[in-house]
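Hi,

Here is the structure I promised to pass on to you. Have a look at it first, then read my notes below with the model open.

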Amino acid sequence: MDYIRNEFETITQRRKAKSEGSYTNYLFEQGIDKILKKVGEESSEVIIAAKNGKNEETVGEICDLLYHTLVLMAYQNISVEDIEKELDKRAQKAGNLKKFHKVDKNS
């Protein structure tokens with residue numbers, strides 16, 4: 001979690017103090033639609049790399065997805081602590097199996 005915290009801190013600092021040529025600042029300037037587009041693109045790239053069995057590529061795409069998710073969190077004022085609290089809450093639940101739709105049962 002230290003890496004995630006450090007990366008998130010860097011992202012939030014970039015949001016406060018603009019840096020010339022910063023991709024992070026570019027995303028913030030473009031706004032939520034651009035950030036969500038990138039999260040969607042990276043999600044798809046993770047799926048494709050994993051489906052193709054390319055572990056090294058999958059790792060890289062997961063890193064890209066994580067970065068863009070952290071940008072989204074900073075944009076929406078969601079902290080790493082917010083995520084940790086929710087994960088802790090979920091970990092406390094017994095019988096955490098969710099009910100699936102019929103479609104989900106067949107896949």
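Let's start with Y23, which is partly exposed, with a relative accessibility of 36%. Keep in mind throughout that this is a predicted model. Y26 is also partly exposed, at 34%. Both residues sit in helix 2 (residues 23-30), three residues apart, so about one helical turn separates them.

Now look at their rings. I searched the whole structure for aromatic pairs and found three. In the pair made by Y23 and Y26, the ring centres are 6.1 Å apart and the planes are at 25°. Why does that pair count as stacked? Planes under 30 degrees apart are called stacked, and the 25° between Y23 and Y26 therefore qualifies. Y67 comes in as well: ring pairs join Y23, Y26 and Y67 into a cluster.

While you are at helix 2, check its two ends. At its start, a side-chain oxygen of S22 comes to within 3.3 Å of the backbone nitrogen of T24. After the helix comes G31, which has a positive phi, near 95°.

Which residues of helix 2 are buried? They are T24, N25, L27 and F28. These residues span an arc of only 155° around the axis, so they lie on the same side of helix 2. What do they pack against? The buried residues of helix 2 meet helix 1, helix 3 and helix 4.

That takes us to the inside of the model. In soluble globular proteins, nonpolar side chains tend to be buried together. Here the largest nonpolar core has 13 residues, and the ones touching the most other members are F8, I11, F28, I35 and V71. Helix 1, helix 2, helix 3 (32-51) and helix 4 (55-75) each contribute at least two residues to this core. Helix 4 gives the largest share, with six residues.

- I11 belongs to helix 1 (residues 2-16). Its relative accessibility is 1%, and since buried means under 20%, I11 counts as buried. Setting aside neighbours within four places in sequence, I11 is in contact with T24, F28, Y67, L70, V71 and A74.

Last topic: charges. Side chains of opposite charge can pair when their charged atoms come close. How many salt bridges are there? The count comes to six. Here are some of them.

Take R5 and E81, whose side chains form a salt bridge with N and O 2.6 Å apart. R5 is in helix 1 and E81 is in helix 5 (residues 80-92), so this pair ties together parts that are 76 residues apart in sequence. R5 is partly exposed at 28% relative accessibility, and E81 is partly exposed too, at 37%.

K38 and E41 make another salt bridge, at 3.0 Å from N to O. Both are in helix 3, three residues apart, which is about one turn of the helix. Is K38 buried or exposed? Its relative accessible area is 15%, so K38 is buried, whereas E41 is partly exposed at 29%.

Then there is K89 with E86, where the closest N and O atoms are 3.2 Å apart. These two also lie three residues apart, about one turn, this time in helix 5. K89 counts as exposed, with 52% relative accessibility, while E86 is partly exposed at 31%. Finally, salt bridges that share partners join R5, E81 and E84 into one network.

Cheers

Definitions and conventions
Residues are numbered from 1 along each chain as its sequence is written. This is a predicted model: local features need pLDDT of at least 70, side-chain atom pairs count only at pLDDT 80 or more; totals for chains, interfaces and linings use all residues. Side-chain values use heavy atoms; hydrogens and water are left out. Rings of Phe, Tyr and Trp (its six-membered ring) pair if their centres lie within 6.5 Å; planes under 30 degrees apart count as stacked, over 60 as edge-to-face and the rest as tilted. Helices (H or I, at least four residues) and strands (E, at least two) are DSSP runs, numbered from the N terminus. Buried means under 20% relative accessible area, exposed over 50%, partly exposed in between (1.4 Å probe, protein chains only). Contact means heavy atoms within 4.5 Å. A nonpolar core is a set of buried Ala, Val, Leu, Ile, Met, Phe, Trp, Tyr and Cys residues joined through side-chain atoms within 4.5 Å. The arc is that of the directions from the helix axis to the C-beta atoms. A polar contact is a pair of N or O atoms within 3.5 Å; within protein, one must be able to donate a hydrogen and the other to accept it, and residues adjacent in sequence count only if both atoms are side-chain atoms. A salt bridge is a side-chain nitrogen of Lys or Arg within 4 Å of a carboxyl oxygen of Asp or Glu.
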